[in-house]
Amino acid sequence: AGYLGDDQNVASLMWFLENVWNAIRDSVPGLEFHVIGADASEALIATLSSYSDVVLHRDSGDRKMTELGLRVMVEPLLNEHHIEAKLVNAMVRGIPIATTREALTHSRLDSTDAVSVADSPAHMVLNLRRLLSEATLWQALSERSQRIGSALLAYHEVAHSMRRFLVQVES
């Protein structure tokens, strides 16, 4: 979920599709990957359309995530800035998050017990398979991530609003 007009967000999405998606969908038949985000380019829309099990939703609202009943959020966060805000926004939803070691290394959050962290594409496949099949793991990550995300949300929303304001002032 996120803004698909940003090259960094798209690069992480493409990393997931090229390095993880084929392996996870082969091991979990019937699985769908929902991409939620505004302002996708025509090239990205065409790429996503080439997958029969990838669905693009052209908005990024929380309501869409709730409507879809998402089981896991995938946030590789390999190329993005503001990683902390993205992790906190994902955690507060109470949907377990699969991310990369790089994301946590670049963030200043101590959230390793609240997210599923992968060191490689193969490790992410394994983590996703576990999250999709082990109810107790899913529940534990859901509760921990929501608790930590809720505690940090106000701080990160203020920081994110200030960054957006500064960008507008500088323009």
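Mentor: Start with the surface. Accessible areas come from the Shrake-Rupley method with a 1.4 Å probe, and for residues only the protein chains shown count as cover. On that basis the chain exposes about 9300 Å², with 51% of it supplied by carbon and sulfur atoms.

A word on the source. This is a predicted model: local features need pLDDT of at least 70, side-chain atom pairs count only at pLDDT 80 or more, and totals for chains, interfaces and linings use all residues. Numbering starts from 1 along each chain as its sequence is written, and side-chain values use heavy atoms, leaving out hydrogens and water.

The chain has seven helices and five strands. Helices (H or I, at least four residues) and strands (E, at least two) are DSSP runs, numbered from the N terminus. The elements run α-β-α-β-α-β-α-β-α-β-α-α from the N terminus on.

Of the 171 residues in the chain, 42% are buried. Buried means under 20% relative accessible area, exposed over 50%, and partly exposed in between (1.4 Å probe, protein chains only).

Now the core itself. A nonpolar core is a set of buried Ala, Val, Leu, Ile, Met, Phe, Trp, Tyr and Cys residues joined through side-chain atoms within 4.5 Å. The largest one has 27 residues, and Phe 16, Leu 17, Phe 33 and Leu 128 touch the most other members. At least two residues of this core come from each of helix H1 (7–27), strand S1 (33–36), helix H2 (42–49) and helix H6 (121–133). H1 gives the largest share, nine residues. There is also a second, separate core of 20 residues, including Ile 36, Met 91, Val 115 and Ile 148.

Look at Phe 16. Leaving aside residues up to four places away in sequence, Phe 16 touches Trp 21, Phe 33, Val 74, Pro 76, Met 124 and Leu 128. Contact means heavy atoms within 4.5 Å.

Two of those neighbours carry rings that pair with Phe 16. Rings of Phe, Tyr and Trp (its six-membered ring) pair if their centres lie within 6.5 Å; planes under 30 degrees apart count as stacked, over 60 as edge-to-face and the rest as tilted. The structure holds three aromatic pairs. One joins Phe 16 and Trp 21: it is tilted, 6.3 Å centre to centre, with 40° between the planes. Another is Phe 16 with Phe 33: their centres are 4.7 Å apart and their planes at 35°, so this pair is tilted too. Phe 16 lies in H1 and Phe 33 in S1, so the pair ties together parts 17 residues apart in sequence. Phe 16 and Trp 21 are both buried, and Phe 33 is buried as well. Phe 16, Trp 21 and Phe 33 form one aromatic cluster.

Finally, H2. Its buried residues are Leu 44, Ile 45 and Leu 48. Down the axis of H2, these fall within an arc of 100°, so they line one face of the helix. That arc is of the directions from the helix axis to the C-beta atoms. An α-helix has 3.6 residues a turn, so residues three or four places apart point the same way. H1, S1 and strand S2 (54–57) are among the elements that cover the buried residues of H2. The face of H2 turned away from its buried side carries the exposed residues Glu 42, Ala 43 and Ser 49.
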